[in-house]
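Here are my notes on this one, point by point. Have a look at the model first, then read on.

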Amino acid sequence: MSASSEDQPSGSSGSESGSAGTLHYDVALPYAVASDALLLPRLRVDLDFFAGQRQTIPVVALLDTGAEFSVFDGALVEQAGWSMAEVARDALDLKPIYGFTRRGPPVEGYVHELACYIAFGARFAELRFRAVIVPPNTLAFPVLGRAGFFEQVDVTVAELEKMIYLRFRNQIGRASCR
């Protein structure tokens, strides 16, 4: 499937070869709408923050090519059944996160590996990457950023149509779309 094609169902696979100016992608999804009802390039995903989590946590995350990392609010992790003490204790790293306030210190973020599921129709793609978890009620909305997410998924945003086109970079990941 390509972004210049017309009347093709979303979720169909496109060929790898093509003419210049044609982007082949694996799935086309409309912008996900969050509770604020703003039409922003957001993607509906489900997250597993830790092994043994009882159910995935549904999230509507902003696609942000300017964000170095994917960042999630600690309230989501608590909803999944983990405490912030456990988040801090089991963190792989600690990252300062800037840009939440005009002045003042950065927010401490805890790096964790998580699983991210993107559903399209009866199928889904599973991605695993490191993301930053910040204290509860710190983040206005979840963010999918460059490190981890955009390294695995090529994203094209068609602003006029309010559509997001995704191409999964890893051939194994493409084959595992279930």
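1. Start with a side chain reaching a backbone: a polar atom of the H112 side chain sits 2.8 Å from the backbone oxygen of V87. A polar contact here is a pair of N or O atoms within 3.5 Å, where one must be able to donate a hydrogen and the other to accept it; residues adjacent in sequence count only if both atoms are side-chain atoms. Keep in mind that this is a predicted model, with local features needing pLDDT of at least 70 and side-chain atom pairs pLDDT 80 or more, while totals for chains, interfaces and linings use all residues. Numbering runs from 1 along each chain as its sequence is written, and side-chain values use heavy atoms, with hydrogens and water left out.

2. H112 belongs to strand β6, residues 107–120 (strands are DSSP runs of E, at least two residues; helices are H or I, at least four; both are numbered from the N terminus). Is H112 buried or exposed? H112 counts as buried because its relative accessibility is 4% (buried is under 20%, exposed over 50%, partly exposed in between, with a 1.4 Å probe and protein chains only).

3. Beyond neighbours within four places in sequence, H112 is in contact with residues including W82, D90, F129 and I133 (contact: heavy atoms within 4.5 Å).

4. Zooming out, the chain has four helices and 10 strands, in the order β-β-β-β-α-α-β-β-β-β-α-β-β-α. Of its 178 residues, 44% count as buried.
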